[in-house]
Amino acid sequence: MEGAALLERLTAGATALGQRSGEIGGAGPERLIWRAATIRDVRPETPSAKTLLLGVPGWRGHLAGQHVDIRLTADDGYQAERSYSIASAPEAGQVELTIERIDDGEVSPYLTLDAMRGDMFELRGPIGGYFTWDARHRQPLLLVGGGSGLVPLMAMLRHHRAVRSRTEARLLLSARTQADILYRDELEALESDEVAVHITLTRGAPPPGWSGWSRRIDRAMFEEIAPAPEEQPSIYVCGPTAFVEEAARLLVELGHEPATIRTERFGPSGG
Ligand SMILES: Cc1cc2nc3c(=O)[nH]c(=O)nc-3n(C[C@H](O)[C@H](O)[C@H](O)COP(=O)(O)OP(=O)(O)OC[C@H]3O[C@@H](n4cnc5c(N)ncnc54)[C@H](O)[C@@H]3O)c2cc1C
């Protein structure tokens, strides 16, 4: 199906969902029930990414790093499902999703270009227990994100800030250009004795005055910023599959135990 036609179907479906939200629910573990989520607000993040602030009646909270599945239904019954990480800290008490547009994608263009305050779709979750971080974990934290792979890591950093954690946290973020850096102002504000933010830009010449790196992630970066393997850091890597595999390979090469490296791949998730 052509993108424009699908967008029309999904837009119509979101409205239809609003009219029949009373039907949502069902048997099974509570976190796997489809719930009606309403977009309360939309926050632009970059030219290609937006954050949707959602109202989800019955939401019982989440852990930093978890994700949700969302389901869009068109008038004719066509459905599309995708996974999105929760960007907000558990302490925020609400679900925020940051979606980066993939131009030839089916769902992300709808969520970033068409979806607006008041629109509804179905959501289930929170999902995932492996790729989560709790501030009670005291080992140094190393977060490695590629593009929108920053989203669940941001939930961890927001959690870190919300509970005033003294755990040492380091972020290595790979973004295409400076304009593509998600949560840029917030990342700057997070820099502190406990949190170090390192960014590398991978496309084109870096902007004048850029003090970060401008190349793909490599061994030298990890040698410079990663805690030593003996410190047994908790490591979280998230992003496109190739990025995740390369980061994990480099970390193992540097002596980190594979079991200490948690990975999440943002490959295609539709069925
Ligand atoms: C656990 C999990 C959490 C995720 N969290 C987020 C999140 O927080 N924010 C976010 O923006 N995305 C996230 N994703 C990716 C998201 O689920 C979708 O895959 C993405 O939005 C693309 O959907 P689409 O329908 O627009 O593209 P599709 O119609 O599914 O695909 C269109 C084209 O893009 C390619 N493609 C699909 N997904 C990606 C991708 N992620 N990167 C590069 N190319 C891709 C496909 O191979 C295809 O060629 C997550 C994925 C998983 C599995």
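What percentage of the 271 residues in the chain is buried? In this predicted model, buried residues account for 42% of the chain. The secondary structure consists of six helices and eleven strands.

Strand β1, residues 35-46, pairs with two other strands. With strand β2 (residues 49-55) β1 runs antiparallel, and seven bridges join the two.

Attention may now turn to the ligand. The shell around the ligand holds 22 residues, of which Gly105, Glu106, Val107, Ser108 and Val151 come nearest. By class, eight residues of the shell are nonpolar, nine are polar and five are charged. Domain 1 (3-127) and domain 2 (141-265) each contribute at least three residues to the shell. Among the secondary-structure elements, β4 (79-85) and β5 (95-100) each supply at least two residues, and β4 provides the largest share, four residues.

Val151, one of the residues that come nearest to the ligand, is also one of the buried residues of helix α3. This helix covers residues 150-162, and its length can be checked against its geometry. At 1.5 Å a residue, the 13 residues of α3 should span 18 Å; the C-alpha atoms at its ends are 18 Å apart, so expectation and model agree.

Is α3 largely enclosed by the rest of the structure or largely exposed? Eleven of its 13 residues are buried, and α3 is therefore largely enclosed by the rest of the structure. The buried residues are Leu150, Val151, Pro152, Leu153, Met154, Ala155, Met156, Leu157, Arg158, His159 and His160. In general, an α-helix has 3.6 residues a turn, so residues three or four places apart point the same way. Just after α3, Arg164 adopts a positive phi of about 50°.

Conventions:
Residues numbered from 1 in each chain as written. Predicted model: local features only at pLDDT ≥ 70, side-chain atom pairs only at ≥ 80, totals over all residues. Buried ≥ 20, exposed ≤ 12 C-beta atoms within 10 Å, placed from the backbone. Near = placed C-beta within 6 Å. Nonpolar A, V, L, I, M, F, W, Y, C, P; charged D, E, K, R; others polar. Domains from an automatic or database assignment. Pairing = 2+ DSSP bridges. Expected span 1.5 Å × (residues − 1).
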